[in-house]
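Please examine the model shown below together with its sequence. The paragraphs that follow lead through its strands, helices, aromatic contacts and pocket.

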Amino acid sequence: MLDELFDDLDAELSAEPEGDLPPEARLPDEVTDYWAPILIRRLARRRRRMEDARTVADAEKARIDDWLKEQAHRYRTDELEQALAGFHAARLVDDPDAKTLRFPAGDLISRAGQAEWDFDESFLEWAERERPELLRRKVEIDRVAAKKAVTVALGVAFDEAGEVVPGVTVTPGATSFTVKCAVELGGF
């Protein structure tokens with residue numbers, strides 16, 4: 001109920017026009033102590049409306065997904081594909097060159113899959129002893145250790161001797177600003 005009162009008050013004070021006005025036209029020239037609470041309430045209202053729109057969209061997506069599942073079950077193709085694959089496999093036994101069978105309604109195509117290789121620890125041990133050229137080593141920067149080992153001043157990294165460390169650039173992080181509406185904080 002209090003939300004509705006604040007919405008009504010906000011509507012009275014800010015009178016946000018509907019229509020094709022760009023967002024810039026709806027803001028005051030300067031945000032002041034007077035305008036900040038009004039804009040925060042306006043922001044909260046827009047966030048609530050967007051959340052309502054997401055809820056409606058999610059419900060519609062779920063409804064469409066359910067319909068699509070029904071259609072997928074109704075028009076399932078796995079039985080037909082399995083029957084045609086069995087037919088083609090039997091034909092390949094009789095004629096190994098029959099990799100493609102052409103019919104007026106379409107083609108049946110078979111392709112040999114690639115062998116799947118699986119290597120375990122015993123191969124690593126063997127290759128280290130017998131064939132090290134079959135192994136490759138990955139070298140990467142230990143970023144945590146590197147950050148601890150250098151000192152940064154004005155975006156430049158220095159080692160403990162005061163020498164510039166090449167290849168390191170440090171850019172300070174940007175300050176971020178966030179608006180927490182009273183409704184999100186549990187107020188109102």
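Phe-103 has Gly-106 as its bridge partner in strand S2. This contact belongs to the antiparallel pairing of strand S1 (residues 100-103) with strand S2 (residues 106-109), which runs over four bridges; two strands count as paired if DSSP finds at least two bridges between them. Two residues make up the hairpin that joins S1 to S2. The model is predicted, so local features need pLDDT of at least 70 and side-chain atom pairs count only at pLDDT 80 or more, while totals for chains, interfaces and linings use all residues. Residues are numbered from 1 along each chain as its sequence is written, and side-chain values use heavy atoms, with hydrogens and water left out.

Phe-103 also takes part in an aromatic contact. Rings of Phe, Tyr and Trp (its six-membered ring) pair if their centres lie within 6.5 Å; planes under 30 degrees apart count as stacked, over 60 as edge-to-face and the rest as tilted. By this rule there are five aromatic pairs. For Phe-87 and Phe-103, the ring centres are 6.4 Å apart and the planes stand at 50 degrees, so the pair is tilted. Because Phe-87 lies in helix H3 (residues 78-94) and Phe-103 in strand S1, the pair ties together parts that are 16 residues apart in sequence. Residues are called buried under 20% relative accessible area, exposed over 50% and partly exposed in between (1.4 Å probe, protein chains only). Phe-87, at 35% relative accessibility, is partly exposed, and Phe-103, at 39%, is also partly exposed. Elsewhere, one aromatic cluster is formed by Trp-117, Phe-119, Phe-123 and Trp-126.

The chain as a whole contains five helices and five strands, where helices (H or I, at least four residues) and strands (E, at least two) are DSSP runs numbered from the N terminus. Along the sequence they follow the pattern α-α-α-β-β-α-α-β-β-β. Of the 188 residues in the chain, 10% are buried. Helix H2 (residues 35-74) has 40 residues, and at 1.5 Å a residue it should span 58 Å; its end C-alpha atoms are 58 Å apart, which agrees. The expected span is 1.5 Å times one less than the number of residues. Buried residues in H2 include Ile-38, Leu-39, Arg-41 and Arg-42.

S3 pairs with strand S4 (residues 156-158) over three bridges, and Ala-153 stands opposite Val-156 in S4.

The loop between S3 and S4 holds Leu-154. This residue has a positive phi of about 55 degrees although it is not a glycine. Most residues other than glycine have a negative phi. Leu-154 is exposed, with a relative accessible area of 89%.

S5 gives the most to the lining of the largest pocket, with five residues. S5 and helix H5 (143-149) each supply at least two residues of this lining. Lining residues include Ile-141, Arg-143, Val-152 and Val-165.

Conventions
1 Å grid on protein atoms, 1.4 Å probe; cavity = no way out; pocket = protein on both sides within 12 Å on 5 of 7 lines; lining within 4 Å.
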